[in-house]
Amino acid sequence: MASLITCPHCGTRPKEEFAVRGDATPLRPDPAASDEAWADYVFVRANPRGRTFEHWQHVAGCRRFLVVERDTVTHEVYSVTDGAAFSRGRMA
Amino acid sequence: MRYSALSILRNAFKGNLGWTPAWRQPEPKPHYDVIIVGGGGHGLSTAYYLAKEFGVRNIAVLEKGYLGSGNVGRNTTIVRSNYLLPGNEPFYEFSLKLWEGLEQDLNYNVMLSQRGIINLYHSDGQRDDYLRRGNAMWMEGVAAENLTRAQLKSMLPFLNFDHARYPILGGLLQKRAGTARHDAVAWGYARGADRHGVDIIQHCEVTGIRRENGVVTGVETSKGFIGCGKLALAAAGNTSVVGEMAGLKLPIESHVLQAFVTEGIKPAIHHVITYGGGHFYISQSDKGGLVFGAEIDGFTSYAQRGNLATAEHVMEEGVTMIPGLSRVRVLRAWGGVMDMSMDGSPIIDRTPIDNLYLNCGWCYGGFKATPASGFCFAHLIAKNDPHPVARALRLDRFERGYEIDEHGAGPQPNLH
Amino acid sequence: MSPHRLDNGGLVDRGQSLDFSFDGRRMRGLAGDTLASALLANGITLVGRSFKYHRPRGIVTAGASEPNALVTIGTGARSEPNTRATVAELHDGLTAKSQNRWPSLSFDIGAVNGLLSPMISAGFYYKTFMWPAAFWEKVYEPIIRRAAGLGKAVLERDPDTYEKSWAHCDLLVIGAGAAGLMAAVTAARAGLDVILADEGFRPGGGLLGETALIDNQAAPVFATHVVDELKSLPNVRILTRTTVFGWYDDNVFGAVERVQKHVAEPVSTRPVERVWRIAAARAILASGAEERPLVFGGNDRPGIMTARAVSTYINRYAVAPGRAVVVFTNGPQGYQTAADLVRVGVSVPAIVDSRTEAGDPAPKGVRVIAGAGIVDTSGGLRVDGVTVERAGFRETIACDAVAMSGGVSPVIHLACQRGLKPFWSEAHSAFLAPETGPHLTVAGAAAGHGALAAALADGVSKALAAMADLGRRAAPAPLPETDAREGSAAAPLWYVPGARSKAFVDFQNDVTADDLGLALREGFGHIEHAKRYTTNGMATDQGKLSNINAIGILAGMQGVSPAQVGTTTFRPFYTPVSFGALAGTARDMHASPIRRSPLHGWAEGEGARFVEAGPWYRSSHFPRAGEKGLAETVNREVLAVRAAVGICDVSTLGKIEVFGADAAEFLNRLYSNAVLKLPVGRARYGLMLREDGIVYDDGTVSRLGETHYLVTTTTALAAGVLSHMEYAAQVLWPDLDVRFVSVSDQWAQMSIAGPKARAVLAQFVEADLSDTAFPALAAGAVTLKGGLRARLFRISFSGELAYELAVPASYGEAVAEAIMQAGRAHGITAYGLEALNVLRIEKGFVTHAEIDGRSTPDDLGLGKMLSTQKPDFIGKRLSSRYGLTAADRMQMIGLLPVDRDKPVRAGAHLLREGAKPSTLNDQGWVSSACYSPVVGRHIALAFLKSGRERYGERIVVWDRMHGEEVVAEVVRPVFVDPDNLKING
């Protein structure tokens, strides 16, 4: 992951083509959700030591937001999927 | 034993056989009044000040590796108090003042070298930002100077005055800033804490936090259960992992920051210099190596190692700032795991659990904070009340809307 | 011929003599020499001084691990300190200088430190220099600093160039010795894409100094044949002079190729160094093994080197490092070296073997002293004798060199760079590489298969395994046969007791066995503590020779196995890499991309000065002949806009075109103000917040059709806002029907501003521009006379009647020039960023000086743009947090100095009159300031606590950085046309 990322649209590309955005797991709360839910969404991070899902944008390629599933200790990548599909799956 | 000119001389004649251990290697007792998790700079200084300044006895520091194995031993050793915001500047100035007396206080030479830090600026907007910061420093009584391009040319003739992509227009100087010998800081505090009776227990990993009736009663460790009256977390990059054991939700991401050192060369760079056209910063150690770094790698990581693309980018910035670095060889790269907070500023606070205290969020600025962090954390633990210079460093500032965002980058740590 | 050069043998070209100099002395070497072999051939043994005690030091090794023979090579801007003479390829005209000595290498004042050594043992500085308290900073530290470092870096601009390249392969083989060559050829014959990288200038590794036969050929000849075969294959790339320095994630390797470090004058069309990033499906690490020095009293005298180095100098370079060489060994290598010495006629007074039963045959006539050790040496600038102790008896033996062998350690550096720790193998008496998984495997001596036959076989089998893992198959070729003899087992010997003088573990940093003992005594026994406390392993060789001995000594002192001590952490770089190589071409003006507006040429023609604005060069101002300084120019430009008309390039603003049935809904969620009901043909000022409720960016939204919008961003955040929108569309609301694309580069855009703007534009635009037909904030497509399709927006950032005209980028300059011509009659004036800034400050319009990532809409006086009607938009919920709505927040106000002649500057802070400066008393700060030629005095925008309640108050503008204090009146942040009569005119 820290050298190469395999974009599902563009293939294996160097990391410099991507920009990392952050944790992909929090879902944006409903406007009516509690203050706490909103503050958690914006400020709190699970920050797991191990498997994590993270948004990376292929800025110098297809410009899609991708969800990179990887390990924060070994940096091994388990999967890379399109961010919109991931979001739809989460929202469903 | 106390270090003095006499002790050195006496030992010199005895083949240096008379020196005794700098700290004990105790086995954990069943119960401590205060347990500090994390035997790095902040944990050790907290223990030292708790014992020395606040009279707390019966303290243990638990360290999963060897003491000083975290960020205190893998940073670029910079010490400064040139902050912008009122939530930060008094705290860091308090820290710098503690640094200035640290050698005598600890009877340990941490080799503080107040050689001055120069933040270069490259545009009118950046100049105005630095002037604002300089004036904020003066408000706190901290001297700052605006260096002109001409002054810089005579002070730092090796800078790229002629071909830089972003021209060097001037710089903000804090003369009292500088560097310290990072390992010595951990060792000095460890030795000091030990002399005040603190048990520093190395190779003791905390694996769980036991709670009963809403309060912490002790910690499960690789050396068994250890009870405590108060538990204080100073786990830096591992804050989230330890915090989760107590069910804490934290505004922290762990990121890797690389730092580098070159082969030793004769003294050539006599200040700490930062490049405003990027994130590069550099100084020269007392051994001769140029110590430098730049931005974090950008992704969350618990691995103490960085990626090559970022390393290359750091070198690009270095050569752009100082063209003559081109033929200097880089010896070693290392990575520290930073506890990046959501506004780039630290947290020293109580937690929703009454006897659990939290010290984290140091981002890439924890080293310079070591003395004040320990002092203020000790104050909080001992008195249950924040130290005046650390009042703004609250955990709930995010949900309350009181972020301390020096860079104005918002809640995305890799932008800070 | 040089005094120590052998008449026969070696891989040097006796027909090609090379001139070089060392410390000003001119000498000759041969092609194929390293600087070290050439120095030895000339009888030079003393090459450097150690770091701390300035002890005289000679060449210890024949390779990358050299701790002592560090010299400065080259002169002027090309000089390179700390270059290892043992790997520096000799070339004609090479100039080398010794380091860390004064006044000369043979007489160095710094050696007095040696006398102080009892007081400056490991960690001494932590205990001392503290009295009197003030002396550390003033006296001690400067002295220590002056003593720092080895060679001198000139820090001059580098005359040479560097580059970087990617490479991809099926199999990367690191190291072209026995195992590496066999691995490469096995994979290459099967058709894999192979890269073979080797740090030497001649592939072959240890084979080049090997005396055994392989397939009945001399080992170097065998190596040459394999290399020739590899060179003939199209699927193989051989990178010589290339050090693989790092193993990174995803099996990407960093390597540096020294393209022109071996030539006197580099060719300017080629780089001197090239960094490779090699993405390898599989890699084999065949980096060989390192011989350990022995730690005994006086083991650092010049003339004492590792036994393998002695053999290498004899066999590969045809140089005899001495005339009488004592061998000190704990295993078979010493005997091999003794044989090499005897073969070329060098006397071997004794083989001192630490083992009680030496298992190897000694050369005829050579005395073996078994169960013995060297406990001391003698000599000044070169060793001239050794003291051998056996069973309590000592004898001295005269010699002029010592070959020492403490067994071997596999070179496993790369395999341990990614967090995995090596493990101790009792059988090998060495640390072996951890299980690294299928992507990287270790072969040959690096894997503990040190014997030649085993290394050759292991190379083949590791290649076959890697191929199988990739699903590739090949019939194994017959293994080459060798007559190499397998020696006895070495017996670990970490330290020779009884030393009477210093026994060095780390030569360069002067760390002795006693220092390690002291570290242990003081509680620094953990290997990482011992390293940091004594600096063992922290020199330029990163402990390649010293680490293992330190581990062994610490283990011995504690009575534990080296396994329990463990190693320190292996990190890049395997050997030091230059800044220049890692930076490549991205330096100076190429440090980051340069962008120029489509109107750049037009502005240049108008005499613009340009200024860096992010990646852009934007027109700053347009000085005219006779104008004295920036202020005069800017005042003229500002007044021209206020009184007549000006034209300004605003092409760098971000422009994003948005389409789709849900475009309106999408934008409504992005902006804090209402966008949903914006009519077609109209524009609106908009604020985007971050989700934390802080203003992110401002710009305009224009509705060009029912489902078609154009949004603009600030120049600085053109890329950021696009990404922000993409995140919102793809991640937050993937089901909205919206598409957008950046058109920033497609349009040249200019602002035509001033009371005469309409009159100028009317000459071009085929449309009714009257206020009724095209009022303020009108937006739409227009046709210019001549038929060019353009877009026109009645948007003002100056407070004047103003239009922004966008034309296809390639027409930009022509249109701008035409406007200038048509506007001449109206006094049209080109204006730049400086005037633009004054114009907007006069009107109280904000930029990123105010939108600094900490301000809310209300702070900026734009509270009305925070919609309370909309159910949701980014930033809505968190903008109502307590701290973001508190009454004492800093609000944007205007400042007018009471003394009309006094300037205020951005960056100043605000204090109540009479208040002492303190963080607590700090009332705010000045974000933007300028001289207003319209108002006739300095004006400023500032942030002041509860500022909007304080209009009319006098406040001190406190600028300690400039030593200035100015009293100013707090006013509404609008200095010109507060009722917007001109904009709407």
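This is a predicted model: local features need pLDDT of at least 70, side-chain atom pairs count only at pLDDT 80 or more; totals for chains, interfaces and linings use all residues.

Visitor: How much area is buried between chain B and chain C?
Guide: The size of an interface is often given as the accessible area lost when the parts come together. Here 116 residues from chain B and 119 residues from chain C take part in the contact. Carbon and sulfur atoms give 55% of the buried area, and the total is about 10000 Å².

Visitor: What does R327(B) form a salt bridge with?
Guide: Salt bridges between chain B and chain C come to 13. In the one made by R327(B), the closest N and O atoms sit 2.9 Å apart, inside the 4 Å cut-off. The partner is D160(C).

Visitor: Which helix gives the most to the side of chain B that touches chain C?
Guide: By class, that side has 53 nonpolar, 36 polar and 27 charged residues. One helix, spanning residues 124-139, puts in nine residues. That helix is α5 of chain B.

Visitor: And what is the bridge partner of V330(B) in β31(C)?
Guide: Strand β16 (residues 329-341) of chain B runs antiparallel to strand β31 (residues 577-578) of chain C, and two bridges join them. For V330(B), the partner in β31(C) is V577(C).

Methods. Residues are numbered from 1 along each chain as its sequence is written. Chains are lettered from A and ligands numbered from 1 in the order in which they are written. Side-chain values use heavy atoms; hydrogens and water are left out. Contact means heavy atoms within 4.5 Å. Buried area is the accessible area (1.4 Å probe) that two parts lose on being put together, summed over both. A salt bridge is a side-chain nitrogen of Lys or Arg within 4 Å of a carboxyl oxygen of Asp or Glu. Helices (H or I, at least four residues) and strands (E, at least two) are DSSP runs, numbered from the N terminus. Ala, Val, Leu, Ile, Met, Phe, Trp, Tyr, Cys and Pro count as nonpolar, Asp, Glu, Lys and Arg as charged, and the others, Gly among them, as polar. Two strands pair if DSSP finds at least two bridges between them.
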